[in-house]
Amino acid sequence: MTVSSVGSVSSGMLQSILDMRSQLDDLQQQLGTGEKSNTYAGLGLDSGLTVSLNAQLAALKSYGSTINMVTTRIGVASTALQQMASYASDVKSATLSTPFDPDNTGQTTTQKIATADLGSFLGLLNTQVGNRYIFSGQATDQPSVDTMDHILNGNGVQAGLKQIIDQRNQADLGADGLGRLAITAPTTTSVSLAETPDGTASPFGLKLASVSSNLSGATVTGPTGSPPAISVNLTGNPTAGQTVQFQFNLPDGTSDSVTLEAVSGTPTSPNQFVIGATPDATAANMKASL
């Protein structure tokens with residue numbers, strides 16, 4: 001029996017114990033930290049898989065963050081759109097149910113409701129989520145619409161809605177306020193209503209559509225000619241209560257009419273004309289009323 005052989009066996013056992021202790025330390029560290037290794041080198045062949053998985057996890061977190069952000073924006077946009085629809089419904093209901101009765105400011109209740117709702121509506125169009133305007137398309141750093149003050153009242157050289165409405169009204173009425181129509185008396189017993197040359201050649205003003213009458217002793221013609229004209233020729237006096245109606249096409253595509261009624265006494269409405277002693281006097285009264 002030699003000492004060297006005993007020492008060799010003891011050394012192997014000791015090394016095995018040390019290896020087991022090292023493995024135990026590694027396992028305890030893994031158990032405590034939830035990590036297999038502090039470095040990729042410690043993973044061996046699994047290091048490549050770990051790098052790939054970490055990249056996928058980062059991408060999934062990014063997707064999740066984007067989904068949450070988009071969900072928030074969609075939720076805010078949906079709420080805003082629902083509120084916009086309610087404003088439109090409010091204005092429609094007020095228009096149908098509230099009488100046209102201007103107050104001391106010259107505005108009706110419906111107009112005041114519409115103005116307030118317009119301000120709220122524009123505010124919703126400029127809704128922000130974070131630093132993004134969600135209704136501005138690709139220009140997310142800019143408001144989607146201008147302020148209500150600029151839209152209604154203008155901004156410097158830019159005309160506002162009120163000015164544009166006033167300008168359109170002036171264009172349709174013409175300089176004399178008659179809708180770009182000329183009212184004349186070709187003879188002492190007739191009245192003519194004609195489109196003016198500038199009215200015929202433009203989209204502004206009233207356009208003659210037709211004329212109808214149950215006036216006794218009257219002949220109505222038109223619209224004919226260039227520019228179009230309508231004429232009412234009296235060969236005798238009408239009877240009280242009889243009428244003549246002029247039909248017009250309006251610039252917005254709708255139509256309207258003016259009906260004049262013959263009366264024997266004092267007129268009680270602007271749409272009446274007095275039957276005179278002669279057809280000449282009656283025609284003059286009709287022209288003045290028209």
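Residues count from 1 along each chain as its sequence is written, and side-chain values use heavy atoms, leaving out hydrogens and water. As the model is predicted, local features need pLDDT of at least 70 and side-chain atom pairs pLDDT 80 or more, while totals for chains, interfaces and linings use all residues.

Me: Which are the edge strands of the open four-stranded sheet?
Reply: The sheet is antiparallel, with the order 3-4-7-6. Strands here are DSSP runs of E, at least two residues, and helices are runs of H or I, at least four, numbered from the N terminus; two strands pair if DSSP finds at least two bridges between them. Pairing on one side only marks the edges: strand 3 (181–184) and strand 6 (218–224).

Me: What is the bridge partner of Ile183 in strand 4?
Reply: Strand 3 and strand 4 (residues 190–195) run antiparallel, joined by four bridges. Look across from Ile183 and the partner in strand 4 is Leu193.

Me: Is Thr196 buried or exposed?
Reply: Thr196 sits in the loop between strand 4 and helix 6 (197–200). Buried means under 20% relative accessible area, exposed over 50%, and partly exposed in between, with a 1.4 Å probe and protein chains only. At 16%, Thr196 is therefore buried.

Me: Which residue just after helix 5 takes a positive phi?
Reply: Helix 5 (residues 161–173) reaches 18 Å from first C-alpha to last, close to the 18 Å expected, that is, 1.5 Å times one less than its number of residues. Just after helix 5, phi is about 80° at Gly174.
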